Amino acid sequence: MKSKNVIEINNLHKSFGQTTVVDGISFNVQAGDVFGFLGPNGAGKTTTIRMMLGLVYPDSGTIKINEHDMEKDFLNAISQVGAMVETPKFYPYLTGYQNLSLIANLHPTVQTSRIDEVLDMVSLSSRARDRVGTYSLGMKQRLGIARALLNRPDIVFLDEPTNGLDPQGIREIREMISRLALEQDITFFISTHLLHEVEQVCSKVAILNKGQLIARGSVKELLGQDNEMVKVRTTDTAKALEILKGIEYIRSVKPSPGGLEIELEKDRSAALNQLLVSGGVQVDYLMPQNQSLEQFFIELTEGGHQVA
């Protein structure tokens with residue numbers, strides 16, 4: 001059965017003065033997704049998230065969360081949403097537990113026992129009674145996620161959740177998001193520039209550039225669309241280049257150390273090898289090259305391609 005859309009964005013626009021920041025973007029997020037929202041600095045990611053949370057008003061377009069229109073039914077739209085936008089701020093002289101208590105008091109339905117529950121979810125139970133001023137940056141980020149979980153949301157927005165963390169801290173946040181999505185049935189909407197982490201944790205992504213959506217889909221779909229990359233190890237590069245001219249399933253050829261890197265239609269590697277060998281090229285080996293999300297992102301944002 002198809003999952004329902006818990007976020008629906010339709011033709012969203014936002015300008016500040018004469019500068020267009022978000023230019024007519026549309027996309028959906030389904031229940032259970034860990035959705036990565038990517039783009040270079042200034043692409044419009046944070047502005048989009050702020051509009052989705054009601055912190056900034058769009059110039060036009062519609063935002064629906066859990067089928068509730070943000071403009072017409074804001075309280076119901078936002079009732080099952082948690083968020084951590086940019087670096088979370090806390091009172092450093094209070095404990096982690098006390099900071100969360102202040103937030104819990106703003107939610108009439110949040111019971112005191114929920115504070116210990118969320119601290120346990122983010123692995124901070126052992127430091128709950130320590131002052132936040134003694135916390136590392138990674139611990140503060142986890143406390144920020146705990147704060148976002150207090151009202152038992154089914155959608156959580158995280159804006160750069162691993163910003164400034166060391167590799168161990170990044171790994172902890174990544175594993176925690178995967179665990180919470182699975183165990184607590186939470187849909188995550190994550191804005192980040194750490195593409196390697198997105199590739200490991202997100203099920204779907206959308207890529208924003210200059211305010212426009214230029215790609216969206218599952219990570220698997222985007223990285224394995226129509227073409228594949230192979231590296232051909234050979235010393236007969238000149239002969240190989242001549243043979244490959246005009247071959248319809250070859251998309252691009254570029255020299256690389258010890259041979260060539262060739263982009264070609266998917267599942268045509270065997271035909272490529274046969275073509276080269278029959279043409280007298282000494283092929284030492286032919287190796288598939290897995291494209292990373294980072295490579296895909298750079299090609300899109302620098303090359304201006306659109307696959308949305």
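**Aromatic pairs and a cavity**

Mentor: This is a predicted model. In it, α6 (167–183) and α7 (195–201) each supply at least two residues of the lining of the largest cavity.

Trainee: Which residues lie nearest the centre of the largest cavity?

Mentor: P161, T162, I190, E197 and V201 do, out of 11 lining residues. By class, the lining has seven nonpolar, two polar and two charged residues. The space inside is about 90 Å³.

Trainee: Now the rings. How many aromatic pairs are there?

Mentor: The count comes to seven.

Trainee: Why is the pair of F27 and F189 called stacked?

Mentor: The ring planes of F27 and F189 stand at 20°. Stacked requires under 30 degrees, so the pair is stacked. The ring centres are 6.1 Å apart, and the limit for a pair is 6.5 Å. F27 is in strand β2 (residues 19–30) and F189 in strand β8 (residues 187–191), 162 residues apart.

Trainee: What makes F27 and F189 count as buried?

Mentor: Buried means under 20% relative accessible area. F27 has 4% and F189 has 0%, so both are buried.

Trainee: Why is the pair of F157 and F189 called tilted?

Mentor: Their planes are at 45°. Stacked needs under 30 degrees and edge-to-face over 60, so this pair is tilted. F157 lies in strand β7 (residues 155–159), so the pair ties together parts that are 32 residues apart in sequence.

Trainee: Which residues form one aromatic cluster?

Mentor: F27, F35, F37, F157 and F189.

Trainee: How do you know that R129 sits over the ring of Y97?

Mentor: The charged end of R129 is 4.1 Å from the ring centre of Y97. The distance limit is 6 Å.

Technical notes: Residues numbered from 1 in each chain as written. Predicted model: local features only at pLDDT ≥ 70, side-chain atom pairs only at ≥ 80, totals over all residues. Heavy atoms only, no water. 1 Å grid on protein atoms, 1.4 Å probe; cavity = no way out; pocket = protein on both sides within 12 Å on 5 of 7 lines; lining within 4 Å. Points joined across faces, edges and corners; volume = space filled by probe spheres on them. Helix = DSSP H or I, 4+ residues; strand = E, 2+ residues; numbered from the N terminus. Nonpolar A, V, L, I, M, F, W, Y, C, P; charged D, E, K, R; others polar. Phe/Tyr/Trp six-rings, centres within 6.5 Å; stacked < 30°, edge-to-face > 60°. Buried < 20%, exposed > 50% of the residue type's maximum accessible area, 1.4 Å probe, protein only. Lys NZ or Arg CZ within 6 Å of the ring centre and 35° of its normal.
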